[in-house]
Amino acid sequence: VFTTLDGGGNTALTAASNSCGPVALAPITATAIFAAGADRQVRAFDLATAATPVELSRVQLQPSGGNVNRIGRIAIAPNRLYVAGGDLGLLTYDTTSFTTPFPVRSYTTPGAATSVVSLGTTVYISRGTTGMIEFGQSSTGALTQLRAWDGKSDIVRDGANGFLLSSTGAIASLWPLGPTTP
């Protein structure tokens with residue numbers, strides 16, 4: 001749990017919570033961090049949506065056989081992450097790829113997602129027995145739900161030229177992706 005004091009009444013405020021038990025933190029951006037701790041794992045988190053933080057990366061460091069096999073501190077420099085790992089030594093990582101938009105995001109959908117197809121500016125997922133959802137994808141990678149249809153157990157297969165291909169058992173469907181909901 002990351003806590004801070006509010007400065008006025010010295011009341012502890014919880015900013016975010018995760019089960020990794022970090023003892024060392026380093027910022028990637030204003031809304032993303034590296035976190036590490038006694039479990040020998042270095043993780044990167046996107047905290048842009050505080051209610052649903054996204055784990056971007058995780059590296060498990062192997063114990064060296066010494067007595068201090070945990071991460072004590074981490075530090076960030078331009079395009080580098082430095083990890084002080086006790087008997088593991090000083091480890092360095094290239095962080096060039098950790099820039100927004102981050103390659104991993106998390107979205108909650110009604111029903112369990114069973115398949116997904118991206119067509120560049122749109123993403124289609126099937127939701128088990130509750131049909132399909134179309135999301136618009138921004139240039140930053142953020143998704144916005146546009147519409148939903150069909151109440152079957154579809155599996156989204158492919159799409160191109162204004163059509164989406166799905167199947168339910170032995171039946172294949174070709175959905176037109178015009179302005180009217182299929």
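Trainee: How many bridges pair strand S11 with strand S12?

Mentor: This is a predicted model, in which local features need pLDDT of at least 70, side-chain atom pairs count only at pLDDT 80 or more, and totals for chains, interfaces and linings use all residues. Residues are numbered from 1 along each chain as its sequence is written, and side-chain values use heavy atoms, with hydrogens and water left out. Strands are DSSP runs (E, at least two residues), numbered from the N terminus, and two of them pair if DSSP finds at least two bridges between them. S11 (residues 122-126) and S12 (residues 132-137) run antiparallel, and the number of bridges is five.

Trainee: Which strands stand at the edges of the sheet that holds this pair?

Mentor: The sheet is open, with four strands in the order S10-S11-S12-S13 and antiparallel pairing. An edge strand has a single partner, so one side of it has no neighbour in the sheet; the strands in that position are S10 (115-118) and S13 (143-149).

Trainee: Which residues link up in a network of salt bridges?

Mentor: A salt bridge here is a side-chain nitrogen of Lys or Arg within 4 Å of a carboxyl oxygen of Asp or Glu. Arg43 meets Asp39 at 3.5 Å, N to O, and Glu55 at 3.7 Å. Glu55 also meets Arg58, at 2.7 Å. The network therefore consists of Asp39, Arg43, Glu55 and Arg58.

Trainee: Is Arg43 buried or exposed?

Mentor: Buried means under 20% relative accessible area, exposed over 50%, and partly exposed in between (1.4 Å probe, protein chains only). Glu55, at 28%, is partly exposed, and so is Arg58, at 48%. Arg43 has a relative accessible area of 9%, so Arg43 is buried.

Trainee: What separates the C-alpha atoms of Arg40 and Gly72?

Mentor: Arg40 lies in the loop between S4 and S5. Its contacts (heavy atoms within 4.5 Å) include Arg70 and Ile71, leaving aside neighbours within four places in sequence. Arg40 and Gly72 are 32 residues apart along the chain, and their C-alpha atoms are separated by 9.4 Å.
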